[in-house]
Amino acid sequence: MSVRLPLFVYDSTVPPIVRSHMAATAMSVSDALETRSSARAFRPAPVPQALLREIFTLARQAPSNCNVQPCRAYVVSGAKKDRLKQELVSAVMSGSPPNPDFEWNVKYQGEHRERQFGSANALYGAMGIERADKQRRQIAMLRNWQFFDAPHAAFFTMAKYLGLTGAVDLGIYAQTLVMLMTERGISSCMQGALGMFPDPARRMFGLAEDTGILFGMSFGYADEDAPANKARTDRVTLDSTVRFLS
Ligand SMILES: Cc1cc2nc3c(=O)[nH]c(=O)nc-3n(C[C@H](O)[C@H](O)[C@H](O)COP(=O)(O)O)c2cc1C
């Protein structure tokens with residue numbers, strides 16, 4: 001049986017619209033965790049601006065190391081998103097190597113590599129793409145920079161000097177957003193890919209040299225019928241994730 005944990009909002013600066021919406025929602029954190037999966041195909045309808053503001057207002061409650069709150073998120077929608085999509089696809093297709101602001105190019109080993117293959121197989125299997133079909137896999141990969149046709153994409157940035165500490169905080173912030181979105185029927189896909197070719201987004205956001213894009217996330221209302229959204233990944237056993245000592 002899952003424990004129902006209401007998401008209480010303690011911050012008196014949170015506007016009343018947030019609280020009224022919170023009272024109306026029924027999904028527990030456990031439900032959100034059990035039902036969420038990454039979405040890689042979206043319907044065009046945008047998330048209403050008031051709802052976006054509500055979600056990003058609540059996400060400020062995410063904890064961070066020493067409460068430094070290092071994340072600055074940039075959300076692109078509409079014409080700006082379309083322009084960025086074009087520029088990103090051009091950057092990827094140009095053949096230039098990725099030039100991420102942060103070291104992001106880990107080469108997975110052993111069981112991590114197996115799980116990496118497992119997630120790729122889940123996605124390409126759902127999309128009916130054979131392992132040997134490099135061309136279709138590349139087209140599917142390219143959809144990362146097309147934001148999977150989502151109406152919105154968020155880019156998570158922070159001061160470069162923060163390194164690992166800031167990366168932890170940004171990850172926690174992003175997952176907080178994902179849970180708030182899930183609660184509201186909004187699907188998402190976090191994307192390391194959105195940090196691989198940072199220059200077009202850096203230009204659009206006017207980022208200073210000392211600030212970097214760590215990763216991003218496409219989000220909106222999922223196209224539930226799309227094969228890509230039928231992909232489901234598995235999880236390792238409890239014993240593999242935790243040791244209880246007493
Ligand atoms: C930090 C991070 C980066 C990710 N980058 C990508 C990405 O670039 N492209 C993609 O399609 N999925 C990406 N994902 C989604 C993962 O592949 C996905 O979360 C994982 O396979 C588990 O599947 P699920 O989210 O459906 O449970 C990323 C997830 C995280 C947390």
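Reader: Which strand supplies the largest share of the shell around the ligand?

Author: Strand E3, residues 187–191, supplies the largest share, 3 residues. This is a predicted model, where local features need pLDDT of at least 70, side-chain atom pairs count only at pLDDT 80 or more, and totals for chains, interfaces and linings use all residues. Residues are numbered from 1 along each chain as its sequence is written, and side-chain values use heavy atoms, with hydrogens and water left out.

Reader: How many residues surround the ligand, and which are the closest?

Author: A residue is near a molecule or strand if one of its heavy atoms lies within 4 Å of it. Here 14 residues surround the ligand. The closest are Ser38, Arg40, Asn144, Gly192 and Arg235.

Reader: How do the residues of this shell divide?

Author: Ala, Val, Leu, Ile, Met, Phe, Trp, Tyr, Cys and Pro count as nonpolar, Asp, Glu, Lys and Arg as charged, and the others, Gly among them, as polar. The shell around the ligand has 4 nonpolar, 7 polar and 3 charged residues.

Reader: Which atom of the ligand lies 2.6 Å from serine 38?

Author: A polar contact is a pair of N or O atoms within 3.5 Å; within protein, one must be able to donate a hydrogen and the other to accept it, and residues adjacent in sequence count only if both atoms are side-chain atoms. For serine 38, a polar side-chain atom lies 2.6 Å from an oxygen atom of the ligand. Asparagine 144 has a side-chain N or O atom 2.8 Å from a nitrogen atom of the ligand. Alanine 193 uses its backbone: an N or O atom there lies 3.0 Å from an oxygen atom of the ligand.

Reader: How much of the ligand's accessible area does the protein cover?

Author: Accessible areas come from the Shrake-Rupley method with a 1.4 Å probe; for residues, only the protein chains shown count as cover. On its own, the ligand has 620 Å² of accessible area, and the protein covers 68% of that. The protein chain itself exposes about 14,500 Å², with 55% supplied by carbon and sulfur atoms.

Reader: How many helices and strands are in the protein chain?

Author: Helices (H or I, at least four residues) and strands (E, at least two) are DSSP runs, numbered from the N terminus. The protein chain has 9 helices and 4 strands. Along the sequence the pattern reads α-α-α-β-α-α-α-β-α-β-α-β-α.

Reader: What share of the residues in the protein chain is buried?

Author: Buried means under 20% relative accessible area, exposed over 50%, partly exposed in between (1.4 Å probe, protein chains only). Buried residues make up 42% of the 246 residues in the protein chain.

Reader: Why is H3 largely enclosed by the rest of the structure?

Author: Count its buried residues. In H3, 8 of the 11 residues are buried, so the rest of the structure largely encloses this helix. Among them are Leu51, Ile55 and Phe56.

Reader: How many residues does the largest nonpolar core have?

Author: A nonpolar core is a set of buried Ala, Val, Leu, Ile, Met, Phe, Trp, Tyr and Cys residues joined through side-chain atoms within 4.5 Å. The largest one has 29 residues. Ile55, Phe56, Phe156, Tyr173, Leu177, Ile186 and Phe219 have the most contacts inside it. Helix H3 (49–59), strand E2 (152–159), helix H7 (163–183) and strand E4 (211–220) each supply at least two residues of this core. H7 gives the largest share, 8 residues. Another core, of 20 residues, lies apart from this one; among its residues are Tyr74, Val89, Val92 and Leu142.

Reader: Which residues does isoleucine 186 touch?

Author: Contact means heavy atoms within 4.5 Å. Not counting residues up to four places away in sequence, isoleucine 186 touches Val47, Leu51, Ile55, Met181, Phe219, Gly220 and Tyr221.

Reader: Where is threonine 211, and is it buried or exposed?

Author: Threonine 211 lies in strand E4. Its relative accessibility is 17%, so it counts as buried. Leaving aside neighbours within four places in sequence, threonine 211 is in contact with residues including Asp101, Thr157 and Arg202.

Reader: Where does cysteine 66 lie, and what is its phi?

Author: Cysteine 66 lies in the loop between H3 and strand E1 (72–77). Its phi is near 55°, a positive value in a residue other than glycine. Cysteine 66 is exposed, at 69% relative accessible area.

Reader: Is phenylalanine 147 buried or exposed?

Author: Phenylalanine 147 is buried, with a relative accessible area of 0%. Its place is in the loop between helix H6 (134–142) and E2. Phi of phenylalanine 147 is near 55°.
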